[in-house]
Amino acid sequence: SVAPVTFPDWPAVARWFEELSRGRDEVTPSIQAAWKQARPPGAQTALADGIRTAGLLVRDRVRYVDVELGIGGYQPRPAAETLASLYGDCKDKGTLFRSLLLAEGLSSYPILVNLTQPDTVPETPPVPYFNHFVVGVPLPADAKLPESMGSAVAVGDDLGKLLIVDTTDSVTSIGSISSALTGKRALVVAGAQSRLITLPEGLPTMHRLERSLQVELRPDRTLSVARVSTYVGQYAAYVRSQTNASSRDRREAVEHRMHDLWPD
């Protein structure tokens, strides 16, 4: 017979996951070699550069494949295995990211969150209805981050400030979080300091569209129109998802839009 797992509180949920993931982020020779090759040049790597490099390596090189067989639905694979196969789900990719950070001497925490449904994580009793794995990187008090990373910094009380990194989201910049994650309650797995935190809310300044339009009426009565758009945050993620499609589809969509605006 199989006894059901029960959790008296949130630290118990964190301890359960810690046991499942213990040693999975081990820095093996293959991890060291991959990080040495990817690491930005220079004796001292800026904190933001190191985090971004490790995040891009995992986000862009490791294909997302969700294999939930048995305990695999909860337990991440060893980081070295994910690196060798170059595929994995959110917890596999996040664990590899944490291992690369360790190779640089940076600590991090697993964070469990529900990506798809609101209001699924009550304060009590613990209902571990999580379906996504992100990583929280502790930031020193004097850490200086680019402005673009400001929207992904959460406050973890005595854990300090945490930069939230989602290596599964292929269209969101490292150091930014998607609108699906903003404001969600999430469990930081940090030993005795494990706790629920609220992920950062989206700031308007971090998600914006800047556009300039230049229209010229020429002497021959033709019209020249030039538009330059700059997309930031969630706007940029939307555009990346479009450009990931075929260039032909993208061109046809733009042409249809132009015909809608100027039918003749």
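Contact, as the word is used here, means that heavy atoms lie within 4.5 Å. With that in mind, isoleucine 164 is in contact with Ile111, Val134, Val135, Gly136, Ala152, Ala154, Ile177, Leu199 and Pro200, once its neighbours within four places in sequence are left aside. The structure is a predicted model, and its chain of 264 residues, of which 39% count as buried, contains seven helices and 10 strands.

**The chain as a whole**

- Taken along the principal axes, the C-alpha atoms of the chain fill a box of roughly 80 × 45 × 40 Å.

- In soluble globular proteins, nonpolar side chains tend to be buried together.
- The largest nonpolar core of this chain has 54 residues, and within it Ile51 and Phe97 touch the most other members. Helix H5 gives the largest share of this core, namely six residues.
- Phenylalanine 97, with its neighbours within four places in sequence left aside, is in contact with Ile51, Ala54, Gly55, Val58, Val135, Val137, Val165 and Thr167.

**Isoleucine 164 in strand E6**

- Isoleucine 164 belongs to strand E6, which covers residues 161-165.
- Because its relative accessible area is 0%, and buried means under 20%, isoleucine 164 counts as buried.
- Although isoleucine 164 and serine 108 are 56 residues apart along the chain, their C-alpha atoms are separated by 9.9 Å.

- The side chain of aspartate 25 makes a polar contact, at 3.4 Å, with the side chain of arginine 98.
- Beyond its neighbours within four places in sequence, aspartate 25 is in contact with Ala79, Thr95, Arg98, Ser99 and Leu102.
- Threonine 95, one of those partners, is found in helix H5, which runs over residues 90-103, and is buried with a relative accessible area of 4%.
- Not counting residues up to four places away in sequence, threonine 95 touches Arg24, Asp25, Pro76, Arg77, Ala79 and Phe133.

- Aspartate 157, in the loop between strand E5 (153-155) and E6, has a phi near 55°, a positive value in a residue other than glycine. With a relative accessible area of 55%, aspartate 157 is exposed.
- Arginine 221, in the loop between strand E9 (208-217) and strand E10 (223-232), has a phi near 70°, which is again a positive value in a residue other than glycine. At 77% relative accessibility, arginine 221 counts as exposed.

Notes:
Residues numbered from 1 in each chain as written. Heavy atoms only, no water. Polar contact = N/O pair within 3.5 Å; in protein donor to acceptor, adjacent residues only side chain to side chain. Helix = DSSP H or I, 4+ residues; strand = E, 2+ residues; numbered from the N terminus. Buried < 20%, exposed > 50% of the residue type's maximum accessible area, 1.4 Å probe, protein only. Core = buried A, V, L, I, M, F, W, Y, C linked by side-chain atoms within 4.5 Å.
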